[in-house]
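I opened this notebook page to record what I looked up in the structure. The entries follow the order in which I worked.

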Amino acid sequence: MHVEHRHLARLMLGASGLGRRAESPGDEAVARATARALVASGRPIDTSNAYASGRSEQLLGRALRELPAAEAADAAARIVTKVDADPQTGRLDRERVLRSADESLSRLGVDRIPLLHLHDPYSITFDEACARGGAIDALVELRDSGVAGAIGIAAGPVPLVARYADIGVFDAVLVHNRWTLVDRSARALFERASLQGMTVFNAAPFGGGLLARGAASGSTYAYRPATEELRRWVARVEALSARHGVTLAAVALQFSLRAPFIHSTIVGASSVRRITTLDDLADAVVPDELWSELAAMPSAPTWIDDDQEERR
Ligand SMILES: NC(=O)c1ccc[n+]([C@@H]2O[C@H](COP(=O)([O-])OP(=O)(O)OC[C@H]3O[C@@H](n4cnc5c(N)ncnc54)[C@H](OP(=O)(O)O)[C@@H]3O)[C@@H](O)[C@H]2O)c1
């Protein structure tokens, strides 16, 4: 089974922030406008059962229903989602996977999901996921019945994703924050997965903010505070980018886009403006000398603790 061609756009829009702040009528209006722009963008969209406690999928479903039928069907075929553990109990067995998929179908208002990932399986062991009647069996069942066009494994820790990828049942892998200007630890996994015919999604090329907003912004990397050392390293790349007349954000995005072992880069698209300005970043001219100078820099002082992430 393969991920359908239309999900292989080099850029995919991430909807993890969609609806996260929809608490006041003003926030709700912004979230609805963003959802409309996402479905109208023509790009594939990455969401999950758990994003904004289901609001991300609900807002996308609502935006789909506002479209004429043919456009809605086309946009729906570009929405990728994920099955998540029960938010109360952490349960992630067969029953929960089937329920999670059902919830997603109903929120999105669709009867099929082109690609369905197993998302952040941190509340269960690998052996539990692989056991007969476990989460993976349920995903395979959903693919066999046609509810899911393809299935993937999506998480942060590289060793964990590699273990799942090596089972040989997944069509796709998604890793976040491990192939960026400052963390290149996903490379071997991505190369192997790509050679084995899996589709490779690289999420969070800005490290969740730091590599778009810059060292002085106080932004986090991989959703944790950045150390002083890391900020200093990022400031050097910012200075290098400025010397070559490009922004740090353009360099960070294109670092992922130019990797031959990545099929699709997933960028957080939290507003209409972020969606409409993405092409400028993707198409900015980054001179070859910048890439050479970047390659000559000492590696960045990153500190992602994969074990800690699994214990979250
Ligand atoms: N386990 C998983 O499956 C998993 C984990 C992580 C991420 N993902 C997927 O990957 C997507 C992307 O991840 P992400 O959003 O965490 O990280 P990201 O794409 O690396 O960074 C997004 C952040 O960068 C900021 N940003 C983007 N463009 C900017 C610009 N031009 N100037 C200044 N700031 C800019 C955004 O700020 P604003 O908020 O101001 O727009 C946002 O805070 C997610 O939405 C999700 O779909 C999946």
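Predicted model: local features only at pLDDT ≥ 70, side-chain atom pairs only at ≥ 80, totals over all residues.

Entry 1: I found one of its oxygen atoms 3.5 Å from a polar backbone atom of Pro205. I then asked how much of the ligand's accessible area the protein covers. The ligand has 910 Å² of accessible area on its own, and the protein covers 84% of this.

I looked next at side chains. A nitrogen atom of the ligand lies 2.9 Å from an N or O atom in the side chain of Asp120. For the side chain of His119, I noted a distance of 3.2 Å between an N or O atom and a ligand nitrogen atom.

**Entry 2: shell around the ligand.** I recorded 28 residues around the ligand, of which Ser16, Asp46, Tyr223, Ser270 and Arg274 come nearest. By class, I noted 14 nonpolar, nine polar and five charged residues in this shell.

Which elements each supply at least two residues of the shell? I listed strand E5 (151-155), strand E6 (172-176), helix H9 (210-213) and strand E10 (264-268). The largest share, three residues, comes from E10.

**Entry 3: Ile151 in strand E5.** I followed strand E5 to Ile151, which lies in it. Is Ile151 buried or exposed? I recorded it as buried, because its relative accessibility is 0%, and the cut-off for buried is under 20%.

Phe170 is 19 residues from Ile151 in sequence, yet I found the two C-alpha atoms 5.5 Å apart in space. Leaving aside residues up to four places away in sequence, I noted that Ile151 touches Leu115, Leu116, Leu139, Val140, Arg143, Val169, Phe170, Asp171 and Ala172.

**Entry 4: Arg143.** I turned to Arg143, one of the residues that Ile151 touches. Arg143 sits in helix H6 (residues 135-144). I counted Arg143 as buried because its relative accessibility is 14%. Its side chain is joined to that of Asp171 by a polar contact of 2.9 Å. Asp171 is also among the residues that Ile151 touches.

**Entry 5: nonpolar cores.** I looked up the largest nonpolar core, which has 93 residues. Leu118, Leu181 and Phe190 touch the most other members. Helix H11 (residues 248-257) gives this core its largest share, seven residues.

I also noted a second, separate core of 10 residues, including Val80, Leu115, Ala154 and Leu174.

For Phe190, I listed the residues touched beyond four places in sequence: Val173, Val175, Trp179, Val200, Phe201, Asn202, Phe261 and Ile262.

Note on methods: Residues numbered from 1 in each chain as written. Heavy atoms only, no water. Core = buried A, V, L, I, M, F, W, Y, C linked by side-chain atoms within 4.5 Å. Buried < 20%, exposed > 50% of the residue type's maximum accessible area, 1.4 Å probe, protein only. Helix = DSSP H or I, 4+ residues; strand = E, 2+ residues; numbered from the N terminus. Contact = heavy atoms within 4.5 Å. Near = heavy atom within 4 Å. Polar contact = N/O pair within 3.5 Å; in protein donor to acceptor, adjacent residues only side chain to side chain. Areas by Shrake-Rupley, 256 points an atom, 1.4 Å probe, with all protein chains shown as cover. Nonpolar A, V, L, I, M, F, W, Y, C, P; charged D, E, K, R; others polar.
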